[in-house]
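Let's work through a few exercises together. Keep the sequence and the 3D view at hand, and take the solutions one step at a time.

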Amino acid sequence: MSEAALREPNPLLVEDNELKRSLGPVSLIMMGIGAIIGAGIFVIAGTAAAQHAGPAVMISFVIAGFGCLFAGLCYAEFASMIPESGSAYTYAYATMGRFMAWFIGWNMVLEYLVSSSTVAVGWSGYLVSFLDNLGYTFPAALANAPVTGTGFHELHLTGAIINLPAVLLIVFLTVFLVVGVSESARFNALMVMIKTGIVILVILFGLPHVNTANLHPFIPPNTGTFGHFGVTGILAASGLIFFAYIGFEAVSVAAQESRNPRRDLPIGILGSLAICTVLYMGMALVLTGITDWRTLDVPNPVSFALGKIPSLEWMVLPINIGAMVGLASVVFIGLYGQSRIFYCMARDGFLPPAFSAVHKRFRTPHRGTIITGVFAALLAAIFPLDILADLVSIGTLLAFVAVCGGILILRRTAPRAKRPFKTPLVWFVAPAGIATCGLMMFSLSDGTWVRLVVWTAIGVVIYFVYGVWHAAPSKWKVVNES
């Protein structure tokens, strides 16, 4: 056999479990943009500038972008060789075995499910602010988390009942995902066009108002504390900014619903990453150039900054609408990605069969999607954004490191395997991806590492209690061409 990836017989795989192939390269690029543009560009850029890097936040975007570029090139090679849903989980399965596949898949829950809840909470805040601008006051007890605290320690009740807008958003998007991926893709494409149009308008109208005096000093001097401006501030901001890029590899989980995955997945991954990096750089320049960067640590830095320019006040309302649309589409892609990863893990026996059941009419993993939506809604209903966001970046960076390492393993174990897309300069790109993502991981707080260890320990227990007894034999084998 000359195929690069051969599927071994698997009793869990039956014809009824095949998903509908309906996505082309444009849909995949739109999916990637939909996953990337959201909380990062509408919220986190201002925080990173005000707390860590000042105008040099643009350099932080470059660092985070390069880390994602290196990882993205490795993802693209894997996606072209193994056109199967599951993203880093599937790639780890193909190169590092069942335990590492479970380890990566379990930590990817932090990237997709938990980040969906995180962004839904952010969306709720924008909605409440938007309604307030229109003269409607949403009850605070129904729009805030009933639990708060620093990390997972010192939790206490706030007096609120539930974050209802966040829950309703997740329920609404879960219904769309159950109905079908084609309908969902069209819905996502509409959201992407709206928010991308808003971003482009902000850049075009904001650039003429950039005051170069606001960009000096470009790198504010360090205050004596690691991560508080100076070079270390740029590095710390890159770890925070990385959240803005989370999601580009969500394209790879659509492998089984892509019409030509070997060609279209690399186009979707790299195309969406390139487009969003350019937009991020333009937005960072506008934000730090039209107002004092020290004032940008607010929930709505984009509309806040443009509201300071009298001739641009008319843009505040459409910016807030674009932010809500943007955050909603990120939640949508997160729920989509998590349900497909659970689908793959269930087919491999790591999770109960309910996660891999496919609806006979809609051809979607409806039960797994509903279960994902329920858990995401519960998290969004109860916890505030800061607690939910703690784990997202480090879980994703860990998956990126695994993918970059997996490509190097594959180049040694199967150097002559068929590669429709080959990572260029792989012995530089993959180690650079590991180093860059590792650097961003170590820029995160000690508490984040502790929570990662706890989360991983829970996953290991589940693996040895359930997964190791039900997992099917390793199904992927990457071989050299004869």
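Helices here are DSSP runs of H or I with at least four residues, numbered from the N terminus. Please remember that this is a predicted model.

**Exercise 1.** Find which element gives the largest share of the lining of the second largest pocket.

*Solution.* 
- Start with the pocket itself: its volume is about 550 Å³.
- Next, look at its centre. Of the 23 lining residues, W106, V109, F375, L379 and W455 are the closest to that point.
- Then list the elements that give two or more residues to the lining: α4 (88–133), α11 (366–382), α12 (385–389) and α15 (446–470).
- The largest share, six residues, comes from α4.

**Exercise 2.** Classify the aromatic pair of W102 and W106 as stacked, tilted or edge-to-face.

*Solution.* 
- A pair of aromatic rings is described by the distance of the centres and the angle of the planes.
- Now turn to W102 and W106: 5.7 Å centre to centre and 15° between the planes. Planes under 30 degrees apart count as stacked, so this pair is stacked.
- Where do they sit? W102 and W106 are four residues apart in helix α4, so about one helical turn separates them.
- Both W102 and W106 are buried.
- Finally, widen the view: W102 and W106 belong to one aromatic cluster with F99, F350, W455, Y463 and F464.

Conventions:
Residues are numbered from 1 along each chain as its sequence is written. This is a predicted model: local features need pLDDT of at least 70, side-chain atom pairs count only at pLDDT 80 or more; totals for chains, interfaces and linings use all residues. Side-chain values use heavy atoms; hydrogens and water are left out. On a 1 Å grid over the protein atoms alone, a cavity is a set of points where a 1.4 Å probe fits but cannot get out, and a pocket is an open set with protein on both sides within 12 Å along at least five of seven lines; lining residues have an atom within 4 Å of a point. Grid points are joined across faces, edges and corners, and a volume is the space filled by probe spheres set on the points. Rings of Phe, Tyr and Trp (its six-membered ring) pair if their centres lie within 6.5 Å; planes under 30 degrees apart count as stacked, over 60 as edge-to-face and the rest as tilted. Buried means under 20% relative accessible area, exposed over 50%, partly exposed in between (1.4 Å probe, protein chains only).
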